[in-house]
Amino acid sequence: MFDALCFLIIIFFMCNSSGSLYMNIVVDGAAANSFQAFYAFGDSYVDTGNGGYMGPPYGMTWPGHAAGRPCDGRNQVDHFAMLFGLPSPTPFKQMKNNESVGGINFGRSGGGVTYAFGYTPLDTQVDEFEALVQEGVLLQKHLANSVALVCLAVNDYSAYNSQGSPLGVPELITTVVDGIALNIMRIHQLGIRNIIVADLVLMACMPYITASVGYAHCSHNQTLRNETTQHNLLLERRVNLLNQELAGSSAARIIIVDQTKAFWYLMHEGASKYGFADHPLSPCCTDKEDSRIQLCGNTDSEGRALYKVCKEPSQRVIFDGIHPTDAAWKAAIHLYSSVSGYTRCGPKLNTWISQRQRV
């Protein structure tokens, strides 16, 4: 098993081979306590246009048409960007002439740490980022004053749970979490010091799991619950270790946003406060028989919708089988930024942002 000692050894060698990455290139600074740009890595929870066409009803709330997001409107990347006072980062596949004023989104729907369902994994996304740094498209002063988000892993566990693997659950968790940690370290070495990482999606409460019980309650499946709990615990240990080992003149500031806790709250105790009380566990978009949520957005050979959509997506936490609504993402970002207890390895995000030191 990949234990903490082995992980520390890798950190030592990578840190001591990357000093040349930090160059003193002067660029225009951002306003006090804000970031210059925003970079995102992950899966469909961050994808804003890299994953290909997504037709109606996606985008129905904003901007009124499909916009590359598996959501009725804005996703967490858009809401994080608003929190940072930045435009939403340009999807990597939509970049023109290497232009990246507000940052770049490398996230791909279906992505994982492993190849999971066969989509672009995290290390490939970081490879794309690294190539732009090496080409001089992204300058070090700019990156040192920027922020990154890393959010993925549900596809790794979903693929394991549906397809099996030679690995057992403990080995899979270690593989996934160490893959996230090593790529966070790469992102830091390439110049970004401020990094937000999300813990695991609340799999046991997602409609693709709870459809079998009519969305009445979260699943009691112990495999799902164990995967989530153990993933989150190991991720916190790895992030604490990275913050300790990557201290110094180019110190890392890595913080976890507690996605698991935030969405549990929005589906339960906080449902009334945030307007989700009537349908806290039911998705907005399902098939017409309300049984196969994967049909959201699908049409038959004559173009007729095979799905139905609720009247008020803003009253649902989840839009389809797993993707939060615009309203739920807005609420989650509020919890992370303004309410204590929804981040780990650091204070609430508003405080974390205000404590940053410009380079």
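Student: How do the residues lining the largest pocket divide into nonpolar, polar and charged?
Tutor: They split into 11 nonpolar, 10 polar and one charged. Here Ala, Val, Leu, Ile, Met, Phe, Trp, Tyr, Cys and Pro count as nonpolar, Asp, Glu, Lys and Arg as charged, and the others, Gly among them, as polar. This is a predicted model, where local features need pLDDT of at least 70, side-chain atom pairs count only at pLDDT 80 or more, and totals for chains, interfaces and linings use all residues. Residues are numbered from 1 along each chain as its sequence is written, and side-chain values use heavy atoms, with hydrogens and water left out.

Student: What volume does the largest pocket have?
Tutor: About 630 Å³. On a 1 Å grid over the protein atoms alone, a pocket is an open set of points where a 1.4 Å probe fits, with protein on both sides within 12 Å along at least five of seven lines; lining residues have an atom within 4 Å of a point. Points are joined across faces, edges and corners, and the volume is the space filled by probe spheres set on them.

Student: Which lining residues are closest to its centre?
Tutor: Ser44, Asn155, Asp320, Ile322 and His323, out of 22.

Student: Which helix gives the largest share of the lining?
Tutor: Helix H5 (residues 154-163), with three residues. Helices (H or I, at least four residues) and strands (E, at least two) are DSSP runs, numbered from the N terminus.

Student: New topic. Is strand E1 buried or exposed?
Tutor: Five of its five residues are buried, so E1 is largely enclosed by the rest of the structure. Buried means under 20% relative accessible area, exposed over 50%, partly exposed in between (1.4 Å probe, protein chains only).

Student: Which way do its residues point?
Tutor: Phe38, Ala40 and Gly42 point one way, Tyr39 and Phe41 the other.

Student: And which strand is joined to E1?
Tutor: E4 (residues 147-151), running parallel, through five bridges. Strands pair if DSSP finds at least two bridges between them. Ala40 stands opposite Leu149.

Student: How many aromatic pairs are there?
Tutor: A search of the whole structure finds 16. Phe80 and Tyr336 are stacked, because their ring centres are 6.2 Å apart and their planes at 15°. Rings of Phe, Tyr and Trp (its six-membered ring) pair if their centres lie within 6.5 Å; planes under 30 degrees apart count as stacked, over 60 as edge-to-face and the rest as tilted.

Student: Where do those two sit in the chain?
Tutor: Phe80 is in helix H2 and Tyr336 in helix H10 (residues 326-338), 256 residues apart. Both are buried.
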